[in-house]
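Me: I have a structure open and would like to talk it through with you. Shall we take it one question at a time?

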Amino acid sequence: MRPAEPHFLVKALVVPLAVATGLALWTSVYVCEPWAGLLVNLAAGFVGTVMTVLYVDVALQRHDAAQWRAVGQRVNMRVEGLANVSISTVRSALQIGTEFLDRGGDVVNDAAKRRKMMTRVAEGVLTQEVSRIRDLDVKGWEMLSRNLQTASGVADRLLATFGPRLAHDITEGILDLQDIIGRVVSAYSIVPDIFGVPAERLPKKRDGSSTVPTQQALYANVENDLKQVLAVAAGLLRAL
């Protein structure tokens with residue numbers, strides 16, 4: 001687990017003990033011995049406790065940070081992998097090739113350049129083409145749902161393995177990504193016989209009316225959700 005945050009220690013430890021120290025010293029002036037000496041010693045104990053705990057906390061935080069620094073970059077690579085899987089899943093669904101990806105060695109081997117490239121592709125290319133999702137056939141929608149579930153599984157493993165160690169914004173981004181993916185997968189799993197089916201082959205409602213409006217509304221929701229997937233994935237890359 002992460003060490004307690006400094007502001008938490010101030011509220012939970014320093015302030016109460018400082019008040020107790022002040023009360024003990026103030027009271028010692030108005031009472032007789034041996035109570036006066038006892039209160040002074042008690043106040044000194046409070047001060048010693050605060051100094052000891054704060055020192056130990058700082059020392060533990062520095063030790064923890066030194067240990068974590070050795071593996072932090074490897075964890076970042078796994079978070080980057082999640083973001084890239086999410087972005088690539090949308091790219092594949094939109095049937096957009098790799099022509100927008102710079103696969104030169106200086107990019108592939110440079111994490112900062114690689115993340116910048118994927119962020120640019122997500123926000124500058126894919127977001128503008130999300131409406132192409134309506135062209136997917138039945139197998140395309142099935143593949144999209146399966147790949148999104150894979151991305152969500154990667155997120156689960158990240159949170160289960162490194163959750164307490166991840167920065168707050170990274171954890172929030174991963175959870176947001178899972179929530180959005182969950183909406184898409186849930187919509188598909190409820191009515192898979194509507195997604196990707198040509199209008200003339202769509203099943204009718206019980207009252208005989210067309211389900212085309214329903215299909216179009218579902219497509220619109222998925223478009224919006226996929227834009228959010230791209231935005232959150234890009235945000236994760238920026239946060240690394």
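Reply: Gladly! One definition to start with: rings of Phe, Tyr and Trp (its six-membered ring) pair if their centres lie within 6.5 Å. Keep in mind too that this is a predicted model.

Me: Which residues form one aromatic cluster?
Reply: A search of the whole structure finds four aromatic pairs. The residues that come together in one aromatic cluster are Trp141, Tyr188, Phe195 and Tyr219.

Me: Are the rings of Trp141 and Tyr219 stacked, tilted or edge-to-face?
Reply: Their centres are 5.3 Å apart, with the planes at 10°. Planes under 30 degrees apart count as stacked. The pair of Trp141 and Tyr219 is therefore stacked.

Me: How many residues apart are Trp141 and Tyr219?
Reply: Both residues are buried. Trp141 belongs to helix 5 (residues 138-162) and Tyr219 to helix 7 (residues 212-239). The pair thus links distant parts of the chain, and the separation is 78 residues.

Me: How many helices does the protein chain have?
Reply: From the N terminus on, its elements run α-α-α-α-α-α-α. There are zero strands, and the number of helices is seven.

Me: What percentage of the residues of the protein chain count as buried?
Reply: The chain exposes about 14000 Å², and carbon and sulfur atoms supply 60% of that area. Among contacts with a separation of 6 or more, residues 24 or more positions apart account for 72%. Of the 240 residues, the share that counts as buried is 36%.

Me: Is Asn84 buried or exposed?
Reply: Asn84 lies in helix 2 (residues 35-93). Leaving aside residues up to four places away in sequence, Asn84 touches Met118 and Leu237. Its relative accessibility is 17%, and the cut-off for buried is under 20%. Asn84 therefore counts as buried.

Me: Which residue caps the N-terminal end of helix 4?
Reply: The cap uses a side-chain oxygen that lies 3.0 Å from the backbone nitrogen of Ala112. The residue that supplies this oxygen is Asp110.

Me: How far apart are the end C-alpha atoms of helix 4?
Reply: Helix 4 (residues 111-124) has 14 residues, so at 1.5 Å a residue it should span 20 Å. Its buried residues are Arg114, Arg115, Met117, Met118, Thr119, Val121 and Ala122.

Me: What distance separates the C-alpha atoms of Leu166 and Val79?
Reply: Leu166 sits in the loop between helix 5 and helix 6. With a relative accessible area of 6%, Leu166 is buried. Leu166 and Val79 are 87 residues apart along the chain, and their C-alpha atoms are separated by 9.7 Å.

Me: What is the phi of Gln95?
Reply: Gln95 lies in the loop between helix 2 and helix 3, and with a relative accessible area of 59% Gln95 is exposed. Most residues other than glycine have a negative phi. Gln95 is not a glycine, yet its phi is positive, at about 60°.

Key:
Residues are numbered from 1 along each chain as its sequence is written. This is a predicted model: local features need pLDDT of at least 70, side-chain atom pairs count only at pLDDT 80 or more; totals for chains, interfaces and linings use all residues. Side-chain values use heavy atoms; hydrogens and water are left out. Rings of Phe, Tyr and Trp (its six-membered ring) pair if their centres lie within 6.5 Å; planes under 30 degrees apart count as stacked, over 60 as edge-to-face and the rest as tilted. Helices (H or I, at least four residues) and strands (E, at least two) are DSSP runs, numbered from the N terminus. Buried means under 20% relative accessible area, exposed over 50%, partly exposed in between (1.4 Å probe, protein chains only). Contact means heavy atoms within 4.5 Å. The expected span of a helix is 1.5 Å times one less than its number of residues. A polar contact is a pair of N or O atoms within 3.5 Å; within protein, one must be able to donate a hydrogen and the other to accept it, and residues adjacent in sequence count only if both atoms are side-chain atoms. Accessible areas come from the Shrake-Rupley method with a 1.4 Å probe; for residues, only the protein chains shown count as cover.
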